[in-house]
Amino acid sequence: MITIFILFFPLLASLLFLFSGNENAKKIALGISVIELAVSIFAAIQFIPDSNVQFALHVDWIRTLGISFHVGMDGISLLMVLLTSFLVPIIILSSFSKEYANAKSFYFLILLMECGLQGVFLSQNTFLFYIFWEVALIPIYFIAALWGGDKRIQVTLKFFIYTILGSLFMLIAFIYLYLQSPTQTMDFQSLYQIALSRSTQGILFWAFFLAFAIKMPIFPFHTWQPDTYAEAPTPGSMLLSGIMLKMGVYGVIRFILPMLPLGMEDWGNTAIVLSVIGIVYGSLIAMVQKDLKRLIAYSSIAHVGLISAGIFTLNAQGLTGGIIQMLSHGLCVVGLFFVVDLIKKRTGTRIITELGGIAEKSPALAIYFMIIMLGSIALPLTSGFIGEYLMLTGLYEYNPYLAGIAGLGIIFGAVYMLNMYKRTMYGLSPLQSSEFKSLSMAENTALFALSASILWIGIYPETFLHLARPAANHLLEIAKH
Amino acid sequence: MTTIVLLSLLGLITLITGLFTIKRYILPIVVSGLLVVFAIHTSSISIINENGPMFNNMMKFDQFSILFSGLILLLTVLIVFQTQKFEGETDIPLPELLTLFLFAITGALIMVSYTHLVMLFLGIETLSICLYVLAGSRRSELSSNEAAMKYFLMGAFASGFLLFGITLIYGATGSFHLAMISAQIQNPAIANSPMLIAGILMVLIALAFKVGAVPFHFWTPDVYEGSPTLVTSFMATVVKTAGFAAFFRLFFLAFSHTPPMWNQTLWVICALTMTLGNITAIYQNQVKRMMAYSGIAHTGYMLMAILALNQVAVSGILFYATAYALATIALFAVFITLQKNYKLDSIESFNGFAKKNPFAAFVVAASLCSLAGIPPLAGFFGKFYIFSLALKQQNFWLVIIAIINSCISVYYYFRIIVAMYMKKAMDEQTIEIDRMSYLVLIICMLASLVLGLFPDLILSLNA
């Protein structure tokens, strides 16, 4: 019951927009997403930390094909659901000071996207997974293409077609697995039991990897990403980088690791090398970016590269580190986009060289920005440290040299992040007007929630880790067989 | 059988009503007539035992024919709904127009129920002759005349191929009956005879022409463009469905035991049809030409199901044809109005449509998503089903070609969505759509969504 509520509440509740005007839309959307958050937290409290799929619902759906409607959550799903439910209200809060044209549609699309994302994390069979995977894509396309920047039309279409191509390969892999399964069902549990030959696993590995690598994105499938992040309206960039990117990582954890151990043996190394290249590449390009939004976009490539490298190592440290880092990256990147949006709104620019001296005018913003930025460069006691430490340990176990190169990414990360911080927050303000509006109530709340949770995960990650650990170990066990 | 008789009668009645001044009632008469025929069609199966062969084994109303006839009848209702606004568009009075539609689907019903090659020919000809007239129904316009002429010449050519092919098959097997041919072909001496192979290939060519498969597709863009839009909509949906059903029926009932030779031919046709259709569609600026090429591409996807050639494939074709037809009818229903407003055929006529009529724009966007195969709409499930059929047959490469094509198709379908939602309109006026078209849009939209979410509604029919 609780899963169904989490899944469909945002969508059903958004029917309220039919009876409201555009001016109330953001408040209604915030209300809906806060209720969703409350229910997700309730689910987390009720959750028993073992490897079983809980709150499951299993009903027949397409009888002729043996496809059922099967949703539920294990620890990993739960964390992703929590992340989604936590970030969506913050994303909505971040848009409070801005009036979007046709606000009802805007917030409806955000809530529809939330429904799709929750569906991806809650699905327990591949058919549902695929449907929600695409349902999450349509709203973000429209959000970016309708409310985005000048070049939005070409950029978003490229993004859309790119991701569709990836997902179609995944669909083929799903159908193939479905035909191979002895009972002809699409449930994860039964697909985990199929024994496939090494060569088949290799092909399936690539079909899945393409889909997930495009979504994350991993080098060299990242070309859609910086443009799309830069052109999308800020809530869109937040949805894309904070949550949607995690769909790709989640897919790797859910399908590639447990179903294709032999494919991993053959190709996991390639995937890790690509991810590590992505870390260095993303960091190097981020260093020379002038536009803050693009800088964050490239830093995101670097971070997600580390996450995927950690997960592909297929050991417990790497995997749990990856899972924690998914949360951490979601919080940090949404925070960074948020801060950039605040600065842009107040000064009218996102170009680093045109900024400076903001700390003087708004110390509160400087502190929040500091915490978020430190989380992003993985300073101890912030969320980033836990994840990156675990992942680097995992990667070191796998191959010390690769770990060394990936470690460079963290150093580069510190370089560009600190540089960005210094040049925007300190120094002389090149702006003509010395006015800088202080943070509003909504902005304060959202930034406080983000910073607090970054510190929380950094100081006591066990709150979240203990939920995911049994499920992660269970997946690793399946993978070993 | 009752269905075909009733349908012909309905056609005659409609023709006669044209003599009297009861124009207002014609549309209701035809629509209710079609619905009654549909009701009798679905119920007669159990009441009167018609399922056996009829007319010396020349026709058989088996499950296959019942399903496809039902689909054809319902799609025609959707088309006929829109004829009112169509009146000023043609030089043919409404009663005669409706009669032509009715006689055309009588031919279509024969095409899905034959068990004898002569009946196949008869069905195709009945359908085609009505279509030639319909395509040329805007007598005063050059493009319409051109369309009719081209269609007629090419159609006659294809009919020639069909007849020649049928003759050769008769020569090789000594029979016109599908069951007998199938039995004869089990004998390897006959199966490998050049005469039979030539005959099958000729029939294949004729049918490929009728469904618009590459390399026999050249007539479609011109004919689609020149014909009145409602006729285009009819050709793209009802006629294509009937053609596919006839195609499948022939190969399923008669040639399922032939050596894999024609299978490879069909494989190549299938891959080419998808690819050429989609790639050419990218470069089109005229909506109708684009939809013609998109229709060719969808022909390619449906041919994948024909390659599978088993009872399960029937569900695949039926579902895919339904999904494709619903989306196409909705798109054309809106486009007819736009065309009237702007006197333009290009995609620009969709510019800013989302502001002018949000509901209709939404339906068009949903239809395009369905055509592009995006869940949870019916088009997605159609593709899912067809892909799984092909994968079951180990046709991996074909599926990969199909995937890449699906991506290409997203590009041109989204051009219309981009035009509607992101481009500036040419003028400020709002565009009203008549009530009948609204009804059609709502039906298509709901059906696409419901079938996408509960595909069992159709799949379970073919138990």
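This is a predicted model: local features need pLDDT of at least 70, side-chain atom pairs count only at pLDDT 80 or more; totals for chains, interfaces and linings use all residues.
Hi everyone. A quick definition before we start: helices here are DSSP runs of H or I with at least four residues, numbered from the N terminus.

A residue needs 20 or more other C-beta atoms within 10 Å to count as buried, and 12 or fewer to count as exposed. A:T349 has 15 of them, so it is partly exposed. Setting aside residues up to four places away in sequence, A:T349 touches A:K344, A:E354 and A:L355. There is also a pairing across the sequence: A:L292 is 57 residues away along the chain, yet the two C-alpha atoms are 9.2 Å apart in space.

Now let's zoom out to chain A as a whole. Chain A has 19 helices and two strands. Its C-alpha atoms fill a box of roughly 70 × 60 × 45 Å along the principal axes. How does the radius of gyration of chain A sit against that of a compact globule? For 481 residues such a globule would come out near 23 Å, and chain A has 21 Å, which agrees. Of those 481 residues, 59% are buried. If you take the contacts in chain A with a separation of 6 or more, 80% of them join residues 24 or more positions apart.

For a helix pair in this chain, look at α13, residues 316-347, and α15, residues 363-376. These two helices of chain A pack at about 145 degrees, and their axes are 9 Å apart. The crossing of α13(A) past α15(A) is left-handed. On the α13(A) side, the residues that meet the partner are A:S328, A:L331, A:C332, A:G335, A:L336, A:V339 and A:L342. On the α15(A) side they are A:L365, A:F369, A:I372, A:G375 and A:S376. By class, that contact holds eight nonpolar and four polar residues, with no charged ones.

Over to chain B, which has 21 helices and two strands. Its radius of gyration is 21 Å, close to the 23 Å that the globule rule gives for 463 residues, so chain B is as compact as a globular protein of that length. The C-alpha trace of chain B spans about 70 × 55 × 45 Å along its principal axes. Buried residues account for 59% of its 463 residues. Among contacts with a separation of 6 or more in chain B, 79% come from residues 24 or more positions apart.

Why call α11 of chain B largely enclosed by the rest of the structure? Because seven of its eight residues are buried. They are B:W219, B:T220, B:P221, B:V223, B:Y224, B:E225 and B:G226. What do these buried residues pack against? They pack against α6 (117-135), α7 (142-173), α12 (229-253) and α14 (287-308) of chain B.

Take α7(B) from that set. The axes of α7(B) and α11(B) come within 8 Å and cross at roughly 145 degrees, in a left-handed crossing. From α7(B), the residues involved include B:E146, B:K150 and B:M154, and from α11(B) they include B:W219, B:D222 and B:E225. This contact has five nonpolar, three polar and four charged residues.

In soluble globular proteins, nonpolar side chains tend to be buried together. The largest nonpolar core here has 369 residues, and B:M304 and B:A330 have the most contacts inside it. Helix α15 of chain B, residues 311-342, gives the most to this core, with 21 residues. Leaving out neighbours within four places in sequence, B:A330 is in contact with B:V363, B:V364, B:S367, B:V440, B:L441, B:C444 and B:M445.

Last stop: where the two chains meet. How many residues does each chain bring? Chain A brings 22 and chain B brings 21. On the chain A side, α5 (126-147) and α6 (152-180) each supply at least two residues. The largest share, 12 residues, comes from α6(A). The chain A side divides into 19 nonpolar residues, one polar and two charged.

Methods: Residues are numbered from 1 along each chain as its sequence is written. Chains are lettered from A and ligands numbered from 1 in the order in which they are written. Two residues are in contact if their C-beta atoms, placed from the backbone, lie within 7 Å. Ala, Val, Leu, Ile, Met, Phe, Trp, Tyr, Cys and Pro count as nonpolar, Asp, Glu, Lys and Arg as charged, and the others, Gly among them, as polar. The radius of gyration is taken over C-alpha atoms; the globule rule is 2.2 Å times the number of residues to the power 0.38. A nonpolar core is a set of buried Ala, Val, Leu, Ile, Met, Phe, Trp, Tyr and Cys residues joined through C-beta atoms within 7 Å. Axes are lines fitted to C-alpha atoms, for helices over the stretch in contact, and angles run from 0 to 180 degrees between N-to-C directions. A crossing is left-handed if the near helix is turned anticlockwise from the far one by less than a right angle, and right-handed if clockwise.
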